[in-house]
Amino acid sequence: MNFLTPQIVQTALEVGLIYGLVALSLFISFSILDICDLSTDGCYTLGCAVGAVVTIAGHPVLALFASVAAGICSGYVTALLQTKFGVQSILAGIIVNTGLYTINLAVMGFSSNLPIFGTDTVFTLVKGISKAAWWQEWSSLVFLALLLMLIVLFIKWFLGTRLGLSIRATGDSPAMVRASSINPQFTVTVGLCFANAMTGLAGSLIGQYNKTSDINLGTGMVTIALASLIIGETISRKSGNMLWRISCVILGSCLYRFIISIALRLKVPTEAFKLVSAVIVAIACAAPAAKDQIALQRKKAAAMREHRKMSEEEAK
Amino acid sequence: MLRLLHLSKVFNRGTVNEKVALDDLSLELKDGDFATIVGSNGAGKSTMFNAIAGSFFVDRGMIELDGQDITFIPEHVRSRFIGRLFQDPLMGTAPHMTIEENLAVAYLRASTRRHDVFSRVTKKEKGLFREQLALLHMGLEDRMKNPVGLLSGGQRQALTLLMATVVTPKLLLLDEHTAALDPATAEKVLDLTKKIVKERNITCLMVTHNMSQALELGNRTLMMSGGRVVFSAEGEEREGMTVDDLLEKFTQGSGSALDNDRILLSTEQGI
């Protein structure tokens, strides 16, 4: 009966919201700019490492901003490689990702993990606002939900500005951009910096949430975020207004965490998690095509019946 | 207005695929000129357009627009004053963005101040877009929130024309922009082009494979072959020309008989 306890739902939502930031990051780079940014894994760890170091120094709020700045730097390098130096976008991401491994280690003082204890995090700060029992329990979720809501509204606003429209056009129609006065190098750079800023922020939040930073934290993050993004885009069907589309990305991320929670409850061994993730991504990606296939088969079967009837009538 | 001086461009230099695309090409257009360009495939028409628009930098030569040397000005800066339409109606617009958003992106050329990047499309601009769309007589003004991907090829090309001219360009490059449309739509888009170009006195270059069109439209006819302009007619000489004369010139100019079915087929009256 206690298959999904409120505790599990709460954790899934909280982590889902944090991962939702990475999914939003891929929404900008992958869906809007049509660039596959593979530096996500490293950038996420970078955000976590930078955030952890600053948090340990006693500035948990500043840590969030520091991680955003670190993410922007990482995104800028990725963008620089592909715009100014003509490196293919996938390759640029891989190069930056590889380089970030060493940088992340260096940030953490050349140790592979960095526990955060004996100091406040943004979550303990928020929790301390009120002594009420419900607040003690739900403060993190409320904080994250508010933060995400702000970010979603910001993205919605940003994509409606002239710069945002230019970024969307860059990913949607390269030929059109060439014929209009948009500098694709600039829009790609802004887009990637923005996307990686969110990845960095997510890293910072997860570090403070788990009270630890680990060098392997980001491994496979791009798959997880992509899974969330695709689940979200399948829900919104890539249509409707922007606000709905963006919200669905976060919804997709939370759904993804639910599926993982269920897998956890079903006692799937932790070693198998990456495989579960991969299967979920594959299913989410294949779902629309599979649905079409089934619809086509049904239509075919119906048509065949009708054709048979037609030819029988013709024979009479 | 537009001056091309000794333009040269070689693709894949030093390889077996070496192709001299522009060969010492010179051309001068006066303010308000509307020149049609004919020439067989590979004559360098599109390459010349790409050179003018800045898709690549030329190997040699100078491009001057309105008294300004633009030879090494990047493409996105040039596009502030050069409008461009491609043959493929799908190329000029962003399919997943709405009609309004597409026009807003095109209208970016009008903004001069840098901090404008964070501003939104104003009510006044929306009104302007609506007004302009109404001129197309395609009912697009009532579908401004629809994604462009839902429009037909003709509607998209008409929209692209509007986007290229929403801020009046100094120069308009039309690369066979009606070739992929059905005859009725092509005529409509062409009429619109004529109207806009005439009303705003835009200097215009238009590639066509339709010989009668090449003589009827505008005030100049150019013929290209082997990466240069081999023949140019204007004024009285052009008025007296028939399609057959032009075809003969074509044979002389390119040094070979016409081998392009499309040109032969489209020499009939109409489109």
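This is a predicted model: local features need pLDDT of at least 70, side-chain atom pairs count only at pLDDT 80 or more; totals for chains, interfaces and linings use all residues.

Begin by selecting chain A, whose C-alpha atoms fill a box of roughly 90 × 60 × 35 Å when taken along the principal axes. Chain A has 12 helices and 2 strands, and if you follow the chain from the N terminus, its elements run in the order α-α-α-α-β-α-α-α-α-α-β-α-α-α.

Next, select helix H6 (residues 133–160) of chain A together with helix H9 (residues 184–210) of chain A, which pack at an angle of about 180° with their axes 13 Å apart. Because angles over 145 degrees count as roughly antiparallel, H6(A) is described as roughly antiparallel to H9(A). Show side chains here: H6(A) contributes Phe143(A), Leu144(A), Leu147(A), Ile151(A), Phe154(A), Ile155(A) and Phe158(A), and these meet Val190(A), Phe194(A), Met198(A), Leu201(A) and Leu205(A) of H9(A). Sorted by class, this contact has 12 nonpolar residues, with no polar and no charged ones.

On the H6(A) side you will find Phe158(A), Leu159(A) and Gly160(A), which meet Arg162(A), Leu163(A), Gly164(A), Leu165(A), Ile167(A) and Arg168(A) in H7(A). The residues of this contact divide into 5 nonpolar, 2 polar and 2 charged.

Glu233(A) belongs to helix H10 (residues 221–236) of chain A and Arg245(A) to helix H11 (residues 242–265) of chain A, so the pair ties together parts that are 12 residues apart in sequence. Over all chains, the count of salt bridges comes to 16.

Now bring chain B into view and select the interface, where 28 residues of chain B are in contact with 20 residues of chain A. The area buried between the two chains is about 2,300 Å², and carbon and sulfur atoms give 59% of it. Across this interface there are 2 salt bridges, and one place to look is the pair Glu125(B) and Arg162(A), whose side chains meet in a salt bridge at 3.2 Å, N to O. The interface also holds 13 residue pairs in polar contact, counted with both residues at pLDDT 80 or more.

To see where the chain B side comes from, select helix H2 (75–78), strand S6 (82–85) and helix H3 (99–107) of chain B, each of which supplies at least two of the residues that touch chain A. H3(B) gives the largest share, 4 residues. By class, the residues on this side of chain B divide into 13 nonpolar, 7 polar and 8 charged.

Finally, select His76(B), which is placed in helix H2 of chain B. Which residues of chain A does His76(B) touch? They are Ser180(A), Ser181(A), Ile182(A) and Asn183(A), and with the side chain of Asn183(A) the side chain of His76(B) makes a polar contact at 3.5 Å. Within chain B, the C-alpha atoms of His76(B) and Ala53(B) are separated by 8.9 Å, the two residues being 23 residues apart along the chain.

Technical notes:
Residues are numbered from 1 along each chain as its sequence is written. Chains are lettered from A and ligands numbered from 1 in the order in which they are written. Side-chain values use heavy atoms; hydrogens and water are left out. Axes are lines fitted to C-alpha atoms, for helices over the stretch in contact, and angles run from 0 to 180 degrees between N-to-C directions. Angles under 35 degrees count as roughly parallel, over 145 as roughly antiparallel, 65 to 115 as roughly perpendicular and the rest as oblique. Contact means heavy atoms within 4.5 Å. Ala, Val, Leu, Ile, Met, Phe, Trp, Tyr, Cys and Pro count as nonpolar, Asp, Glu, Lys and Arg as charged, and the others, Gly among them, as polar. Buried area is the accessible area (1.4 Å probe) that two parts lose on being put together, summed over both. A salt bridge is a side-chain nitrogen of Lys or Arg within 4 Å of a carboxyl oxygen of Asp or Glu. A polar contact is a pair of N or O atoms within 3.5 Å; within protein, one must be able to donate a hydrogen and the other to accept it, and residues adjacent in sequence count only if both atoms are side-chain atoms. Lists of a residue's contacts leave out its neighbours within four places in sequence.
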